[in-house]
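Here's a quick briefing on some ring contacts and helix details. Have the model open while you go through the points below.

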Amino acid sequence: MKNFFKSLRNVKDLLAMIDLEQIGELSRKVDLPKMVGLVSKMSEEDLSKMMGLLKGGSKPKVIPEINGDFYELGKTLSPDEREIQLKVREFMNREIKPIANHYWNRAEFPFEIIPKMAELNIAGLTYDGYGCPGKSALLEGFIAMEMARVDTSTSTFFGVQSGLAMGSIYLCGSEEQKNEWLPQMQRLEKIGAFGLTEPEVGSGAAGGLTTTCKREGDAWILNGQKKWIGNATFSDITVIWARDLDDNQVKGFIVRKENPGFKAEKMEDKMALRIVQNALITLTNCEVPESDRLQEANSFRDTAKVLRMTRAGVAWQAVGCARGAYELALAYTNQRKQFGRPIASYQLVQDLLVTMLGDLTAMQTMVFRLSEMQDSDMLLDEHASLAKVFCTLRMRAIVDHARELFGGNGILLEHDIARFVADAEAVYSYEGTKEINSLIVGRAITGHSAFV
C-alpha cells in the first residue's frame, strides 16, 4: 500500500509538470494507463533522474537581446564616441519614441524637443571651431543611424539643421558669416533650412535651376520658387541657391525669414516624414544684402561639396530606418504566437529575419567604410552615391519584409512599423534619386557620362 501511494505521488508530480493541453496531446500518442504502470515500478533513483530531466527541459527559453548591429561595429568607436552614441540612443528612446506616432499622425513638429536636443551638443559635429565639437564623420554617421532607428523625421530635421544648413555656411561662407551663424545654430538657438529643390527641378539642379538672382548695387534680387524645403516653415534662415542672370553660375544666399519678398507655405497631406515641416517657398523680388551672399559659393561645384557630405549621411539614415524596422519585427515575432508558439520559432519567419539581417549588415559595413573614407579625405561623389543607391534600395526591402512579418497589424500606426514603411519612401527619393546617383557612379566606372 505504501508503494502504491508513493507511485501515485510520483505520477501526480510528473503530470503537474505537463499542462492540460500537453496531456491531451500525449494521450493521443501513448497509452497513459500503461505509462502510469511503468512509472509505479520505477525505483526512487530512476524517478529522480526522470524528474530532473523533465524539469531541465521545462526551463524557459532565454531570448537573445535584440541587436541590429550583428557585427558589433559600434564597439569599434572610441570610449568617448561610444558614450555619445549611447547618449543619443537614450535620448531617442526617452524623448522621441513615446511621442513619434502622435506628432507623425498629426503632421506636427514637437518644438519642445529642440532645447533637449541642444543639450546633446551634437549639431555641427564634424566641424572645427565656431562652437562645434570637431568629431569624426564616423561618429556622425552612427548618430544619424541612431536617430533614424527610432524616427526618420527627427533624423531628417537634424540632418537639415546640422548638415545642409550649417554645412553650407561652414563650407561656403565667409569667416564673418561662420562666426555669426554657426555658434547659434550649433546650440539650436537659430534653425536653418536648405533651399535647392524646385517645383520643376529636383535631382537635375546642376543644370536646371529656375530660381534667379541678380545683383543691384549692394543687394541681390531673388525670384523663383523652392519646394520640399524641410524646416522652412519655422526656420530663422534658409540657404537659397539661385542662378545668376549675369554669369549663369549658381550662387548661395542666407535668406532671413523677415526678408521682404520671402514666403514659406507648409506643404500638406504628405504620406512620409510627416513630422518634418516641408515648405513651398516663393521668392518675389526678395532683396538680400551682399553681406548675406555665401562668399565662397560661386558655382554648382560648391553646392555639390555640401551634397557630397550630406549624401553620406542619408545612407546612414537608410541604415537607421532599416535597423529600426528589423528590430521591431524581431521583437514582434517573439511576442506574436500562433498554434501555441511564437512565430519566431517557425522556419519561414527565421529565413525572412536572416535575409533582413544580412542586408542590414551589408549596409552597415558599407557606410562604415564610407565614413572612414570621409575622415581620410578620400570621399568622392561616386562613393557617396553608390552608398545612397544601395542602402536605400535595401532599406526598402527590409521595411517591406518587416511589415510582412507583422501581418495585418503592420498597417496599424500603434505598432510603429507603418511609419517606417512610409518614411522609407522619402529617404529613397531625397538627396538624389536612384537614377541620378546611378549615373554618377556609372560615369565614374565607365568614363562615359550618360547625363542628358
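Let's start with a charge over a ring: the charged end of Arg274 sits over the ring of Trp104, at 5.5 Å from the ring centre. Keep in mind that this is a predicted model. There's another such arrangement, with the charged end of Lys178 over the ring of Tyr170, 5.6 Å from its centre.

**Aromatic pairs**

- The structure holds 13 aromatic pairs.
- One of them joins Phe109 and Phe157: the ring centres are 4.8 Å apart and the planes meet at 55°, so this pair counts as tilted.
- That pair links distant parts of the chain, since Phe109 is in the loop between α6 (100-106) and α7 (113-118) while Phe157 is in helix α9, 48 residues apart.
- Both Phe109 and Phe157 are buried.
- Phe142 and Phe368 make an edge-to-face pair, because their planes are at 85° (the cut-off is over 60), with ring centres 6.4 Å apart.
- Phe142 has a relative accessible area of 3%, so it is buried.
- Phe368 comes in at 12% relative accessibility, which is under the 20% cut-off, so it counts as buried too.
- Ring pairs also tie Phe109, Phe111, Phe157 and Phe234 into a cluster.

**Helix α10**

- Helix α10 (residues 175-186) has 12 residues, and at 1.5 Å a residue it should span 16 Å; the end C-alpha atoms are 16 Å apart, so the two values agree.
- Its buried residues are Gln177, Lys178, Trp181, Leu182, Pro183, Met185 and Gln186. Lys178 in that list is the residue whose charged end sits over the Tyr170 ring.
- What covers these buried residues? The cover includes the strands β2 (132-133), β3 (192-195), β6 (237-244) and β7 (250-256), along with helix α9 (152-172).
- After α10 comes Leu188, which has a positive phi, near 60°.

**Phe300**

- You'll find Phe300 in helix α12 (residues 300-335).
- Is Phe300 buried or exposed? Its relative accessible area is 18%, and buried means under 20%, so Phe300 is buried.
- The C-alpha atoms of Phe300 and Gly252 are 9.3 Å apart, although the two residues are 48 residues apart along the chain.

Terms used. Residues are numbered from 1 along each chain as its sequence is written. This is a predicted model: local features need pLDDT of at least 70, side-chain atom pairs count only at pLDDT 80 or more; totals for chains, interfaces and linings use all residues. Side-chain values use heavy atoms; hydrogens and water are left out. Helices (H or I, at least four residues) and strands (E, at least two) are DSSP runs, numbered from the N terminus. Buried means under 20% relative accessible area, exposed over 50%, partly exposed in between (1.4 Å probe, protein chains only). The expected span of a helix is 1.5 Å times one less than its number of residues. Contact means heavy atoms within 4.5 Å. Rings of Phe, Tyr and Trp (its six-membered ring) pair if their centres lie within 6.5 Å; planes under 30 degrees apart count as stacked, over 60 as edge-to-face and the rest as tilted. A charge sits over a ring if NZ of Lys or CZ of Arg is within 6 Å of the ring centre and within 35 degrees of the ring normal.
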